[in-house]
Amino acid sequence: MQPAVSIDHLVKRFDPAGFGGAWRRALGRPLKDPIVALDAINVTVRRGEVYGIVGSNGSGKSTLARVVATLLLPDSGAVQVFGHDVVKEARTVRRFMNRVSVEASFFKKLSPLENLSFTARIYGLPAGEARERIFEILKRLGIEEKAIRRPMDQMSRGQQQKVAVARALLTSPVLLILDEPTTGLDPRSKREVQDFVREICDTHDATVILMTHDMDEAEQLCDRLAVIDKGRILVEDKPTALRREGETLEDAFIRLTGHAVEVHEPDKTAAGGGG
Amino acid sequence: MVPLRRELSASYAFVERNFRAVRRYWGWEVVFLFHSIVSALTVAFIAPGGVVVAGQQFDSDRLILFLVVGTVVWAYLDSVFDSVAFMVSWERWEGTIESTFMAPIRRVTFIAGSSAFAVLYSFARAVVILVVVALFFSLDMGAANWVGAFAVLAIGSLGLLGIGIMSAALPLLFLERGSQMTVVVQASLLLVSGVYYPVEVLPDWLEWFSVISPATYVLNAMRAAVLDGVTLIDLLPHFGPLMLITAVTLPLGVWVFGWAERYALRHGRLKRSG
């Protein structure tokens with residue numbers, strides 16, 4: 001059976017000099033060493049599974065999510081989503097994939113209804129059907145009808161993040177990439193978003209890739225887990241198989257990486273990713 | 001046919017969303033419109049002021065009309081350029097750039113939607129400014145050829161869109177300075193295009209740049225249509241350079257944007273982090 005996602009020897013480096021690097025090169029000036037964000041990554045995600053990628057900030061999680069989501073071009077290696085190359089067939093891949101990032105990215109002055117109507121239109125959903133689905137999904141999320149028409153900047157971060165997940169669902173993706181969907185949320189909002197993700201996993205026939213540094217979240221939601229550190233996948237297995245007797249998943253992570261998971265607020269590093 | 005309809009509908013999504021955003025920021029819109037009207041009035045007062053300063057009589061009514069056409073057309077062109085050139089910056093500022101660029105639509109659909117919004121929004125603003133200024137100065141525009149003026153604006157917009165699209169690519173190449181460079185392009189167009197004076201008064205080396213600015217031809221043609229009521233047939237010679245500039249800048253703009261996007265995707269510069 002064809003895998004949902006197949007990543008083969010993926011390498012991604014970032015030039016810290018940016019556009020100025022070309023000038024420095026032309027002038028023969030010394031260049032800073034490139035930052036290796038992903039170092040020969042090999043991953044196969046099976047159809048229908050929830051695949052977790054755990055790692056600290058700066059380990060390469062978000063960079064990997066962006067490459068799969070067609071938002072970053074790899075330097076070498078290949079990434080295929082349901083047999084389609086993310087570079088050569090980017091638009092095809094985008095049709096059946098969606099991503100929820102660490103920040104709920106919306107026009108914050110617009111309402112959830114307006115933001116989701118926009119998404120429905122650019123994904124080619126008929127207006128009437130879209131409106132029905134928007135109300136259905138948002139109500140299922142527990143968002144009151146009057147809040148659906150209010151600007152999003154009047155909602156809590158947890159609610160905004162739930163709308164972000166709803167937006168992804170609206171497009172009926174067969175691959176859903178959740179890039180730290182609960183980072184920075186208060187405990188209650190975090191639990192609400194996690195419950196919603198669990199519900200999606202149970203009720204939708206979608207493959208989910210979850211990037212997180214929350215070990216409990218990873219253990220609860222994922223069928224299989226990969227530990228990523230300094231751009232390399234260290235190990236990949238079922239959460240229960242990663243733990244030795246008496247160990248928590250966090251203990252296992254420390255044993256494998258040699259350090260604890262550092263928890264910072266949403267990615268603040270350059271070059272498109274912090275995880 | 002279905003994919004085309006789908007792309008058109010997706011383009012319309014940007015028009016609809018941006019107008020909704022404008023409505024939500026209505027307080028700022030009122031302020032910006034007030035600022036534009038006051039600026040237009042201030043510029044128009046240069047004409048009667050010139051009579052006093054020079055100490056000799058000249059046809060200040062014609063000069064007022066010359067300045068009003070310049071200021072209203074520039075308000076339109078500037079707004080079109082602004083809306084198009086900042087389409088990437090706007091998405092980045094709202095934090096939606098990645099979700100927009102991840103949508104399964106052609107990039108030209110995004111550009112076309114943002115451009116259509118720019119033209120409609122700017123046209124509506126320009127009409128309001130023109131009506132207020134015309135009423136304020138009791139301008140006699142009975143001889144104006146409005147059909148010709150509209151045709152000039154329509155064709156002229158396309159040439160400017162090409163330059164705007166190229167400028168929109170700058171923030172994809174330069175995270176911090178891209179938007180600043182866009183303002184430099186905008187200001188340069190204002191200087192060389194003869195907005196408030198005929199380009200003949202510019203030094204020779206600077207006047208040369210007016211030849212490549214689509215705004216120069218739009219302003220010349222618009223003044224011919226509004227001040228002198230020149231017929232559509234007689235306006236045709238003005239359209240030649242505009243169409244030539246459009247034929248070069250529009251496809252070039254789309255190509256440059258595509259190239260800049262690939263650069264941003266390769267170097268992780270789509271989203272501004274931190």
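Tutor: One cut-off is needed at the outset: a residue counts as buried when its relative accessible area is under 20%. The model discussed here is a predicted one. In it, B:E98 has a relative accessible area of 7%, and therefore counts as buried. A:R99, at 9%, falls under the cut-off as well and is therefore buried. A:D179 is buried too, because its relative accessibility is 2%.

These residues belong together. A network of salt bridges links A:R66, A:R99, A:D179 and B:E98. Within chain A, the side chains of A:R99 and A:D179 form a salt bridge, with 3.6 Å from N to O. The two partners are 80 residues apart and lie in distant parts of the chain, A:R99 in strand β6 and A:D179 in strand β7 of chain A. Both A:R99 and A:D179 are buried. Another link crosses between chains, running from B:E98 in helix α6 (residues 97-101) of chain B to A:R99 in strand β6 of chain A. This salt bridge between B:E98 and A:R99 has an N to O distance of 3.0 Å.

Strand β7 of chain A, in which A:D179 is found, covers residues 175-179. The side chain of A:D179 also makes a polar contact with the side chain of A:S62, at 3.1 Å. With neighbours within four places in sequence left aside, the residues in contact with A:D179 are A:S62, A:A65, A:R99, A:V100, A:S101, A:V102 and A:M211.

About 3,800 Å² is buried between chain A and chain B, and carbon and sulfur atoms account for 58% of it. Seven salt bridges are counted between the two chains, together with ten residue pairs in polar contact, both residues at pLDDT 80 or more.

Just after α4 of chain A, A:G124 takes a positive phi of about 75°.

The loop between β6 (97-100) and α4 (112-122) of chain A holds A:F106. A:F106 counts as buried because its relative accessibility is 0%. Leaving aside neighbours within four places in sequence, the contacts of A:F106 include A:N115, A:L116 and A:M152, and also B:E94 and B:T96 of chain B. A:F106 and A:M152 are 46 residues apart in sequence, while their C-alpha atoms are 7.9 Å apart in space.

The domains of chain A complete the surroundings. Domain 1 is assigned residues 1-96 + 173-275, and domain 2 is assigned residues 105-172. Their centres, taken over C-alpha atoms, are separated by 26 Å. The contact between them takes 16 residues from domain 1 of chain A and 13 residues from domain 2 of chain A. The area buried between the two domains is about 1,300 Å², with 66% from carbon and sulfur atoms. One salt bridge is found across this interface. The side chains of A:K162 and A:E192 also meet in a salt bridge, at 3.3 Å from N to O.

To return to the part requested: the network of salt bridges links A:R66, A:R99 and A:D179 of chain A with B:E98 of chain B.

Notes
Residues numbered from 1 in each chain as written. Chains lettered and ligands numbered in written order. Predicted model: local features only at pLDDT ≥ 70, side-chain atom pairs only at ≥ 80, totals over all residues. Heavy atoms only, no water. Domains from an automatic or database assignment. Contact = heavy atoms within 4.5 Å. Buried area = accessible area lost by both parts, 1.4 Å probe. Salt bridge = Lys/Arg side-chain N within 4 Å of Asp/Glu carboxyl O. Helix = DSSP H or I, 4+ residues; strand = E, 2+ residues; numbered from the N terminus. Buried < 20%, exposed > 50% of the residue type's maximum accessible area, 1.4 Å probe, protein only. Polar contact = N/O pair within 3.5 Å; in protein donor to acceptor, adjacent residues only side chain to side chain.
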